[in-house]
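Subject: Structure for you to look at

Hello,

Here is the structure I promised to hand over. Please open it beside this email and follow along.

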Amino acid sequence: MTGLVIANWKMNASSAAVKVFADKWHGMPALTGVETVICPPAPYLSAVAAAMPAMGLGAQDVSAHGVGAFTGEVSAEMLRDLGCQWAIVGHSERRTYHGESNQSVAAKASAVASLGLNPVVCVGEALADRDQGNHEQVVSEQLRASLDAVDPEKLVVAYEPIWAIGTGVTASADQANQMHGVIRAGLHDMYGRESSQVRVIYGGSVKADNAGELFACDEIDGALVGGASLEAESFWKIAQAASAGSQ
Ligand code: PEP
């Protein structure tokens, strides 16, 4: 399976920063055997598409609604019109700060997939869940409740333990690989043999110096990268590690 490395820029960007990133990115050797995607804040989607046309383009969130009186929202159709092939849904920051439920994440994932885009559905446990030994159960339940009628061929699941996001504390390769196995088993229950088409990627303080170890794991198909994706060279190094891991 081709490695998939997705940059989540969160609420970080400017026209100048897009240009700096693109100039540096184009100065680095082209990578093979890995798919790279950038998810900038929505106002910068077109700038990223214009500056890096060979890069996959994704949104950080999407509306579950198609059209109409939903002030501030952006539909999957609009994203597709702007050239997006990907949309992150259910990131823990959306679940925490915007009260997104598994049900609304499932509706968003379906809206994205029904238009032929790839939903990147995020799941992951809090530190308290892990401390109490409930992490497998919490993530399995979240996964099942966050997916509803999504074509497995389009689907990407991002395992993002909340305690590892933006903290500098990454899950160990063994912890991540083990949870990816749990997610794979859950996907198999839902989709049967077709579940093998789903890519399961890891997110949580992935950096150039820990990416190789993570990508060497059998169950890890790529990464969702926050902080370390803001700088072209570090994102390139992570993508390069995925390209090496996929060979
Ligand atoms: C994320 O935002 O999805 C993420 C994994 O962030 P970071 O890499 O900064 O932990």
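Below is what was found in it, topic by topic. Keep in mind that this is a predicted model.

**The ligand site**

Start with the ligand. How many residues surround the ligand? The count is 14, and the closest are K10, E160, G166, S205 and G226.

A polar side-chain atom of H91 is 2.9 Å from a ligand oxygen atom. S205 comes in with its backbone instead: one of its backbone N or O atoms is 2.8 Å from an oxygen atom of the ligand. G227 also uses a backbone N or O atom, at 2.8 Å from an oxygen atom of the ligand.

Now look at H91 itself. It sits in the loop between β4 (86-89) and α4 (92-97). Is H91 buried or exposed? Its relative accessible area is 5%, under the 20% limit, so H91 is buried. Which residues does H91 touch, if neighbours within four places in sequence are left aside? They are N8, K10, C122, E160 and I165. K10 and E160 are also among the residues closest to the ligand.

K10 belongs to the loop between β1 (3-8) and α1. Check its backbone: phi is near 50°, which is positive, and K10 is not a glycine. S205 has a positive phi too, of about 60°, and is not a glycine either. You will find S205 in the loop between β7 (199-203) and α9. S205 has 10% relative accessibility, so it counts as buried.

**Helix α9**

Follow the chain on to helix α9, residues 208-215. Its buried residues are N210, A211, L214 and F215. The face turned away from the buried side carries D209 and E213, which are exposed.

**The nonpolar cores**

F215 turns up again in the largest nonpolar core, which has 64 residues. The members that touch the most other members are F21, W25, L155, I183, L187, Y202 and F215. Which helix gives the most to this core? Helix α8 (residues 173-191) does, with seven residues.

Pick I183 to see the packing. Not counting residues up to four places away in sequence, I183 touches V123, V139, L143, V157, Y159 and V200. Another core lies apart from the largest one. That core has 12 residues, among them C39, W86, I88 and V120.

**Aromatic rings**

Next, the rings. There are five aromatic pairs in the model. One of them joins W25 and F235.

Are W25 and F235 buried or exposed? W25 has 14% relative accessibility, so it counts as buried. F235 is buried as well, with a relative accessible area of 0%.

**E125 and its surroundings**

Last stop: E125. Its place is the loop between β5 (118-123) and α6 (127-131). At 0% relative accessibility, E125 counts as buried. What does the side chain of E125 make a polar contact with? The partner is the side chain of Y159, at 2.8 Å. Y159 is also one of the residues that I183 touches.

With neighbours within four places in sequence left aside, they include R130, H135, V138, V139, P161, I162, W163 and M179.

L127 is in helix α6. L127 is partly exposed, with a relative accessible area of 44%. Its C-alpha atom is 7.9 Å from that of P161, although L127 and P161 are 34 residues apart along the chain. P161 is also among the contacts of E125.

Best wishes

Terms used: Residues numbered from 1 in each chain as written. Predicted model: local features only at pLDDT ≥ 70, side-chain atom pairs only at ≥ 80, totals over all residues. Heavy atoms only, no water. Phe/Tyr/Trp six-rings, centres within 6.5 Å; stacked < 30°, edge-to-face > 60°. Buried < 20%, exposed > 50% of the residue type's maximum accessible area, 1.4 Å probe, protein only. Core = buried A, V, L, I, M, F, W, Y, C linked by side-chain atoms within 4.5 Å. Helix = DSSP H or I, 4+ residues; strand = E, 2+ residues; numbered from the N terminus. Contact = heavy atoms within 4.5 Å. Near = heavy atom within 4 Å. Polar contact = N/O pair within 3.5 Å; in protein donor to acceptor, adjacent residues only side chain to side chain.
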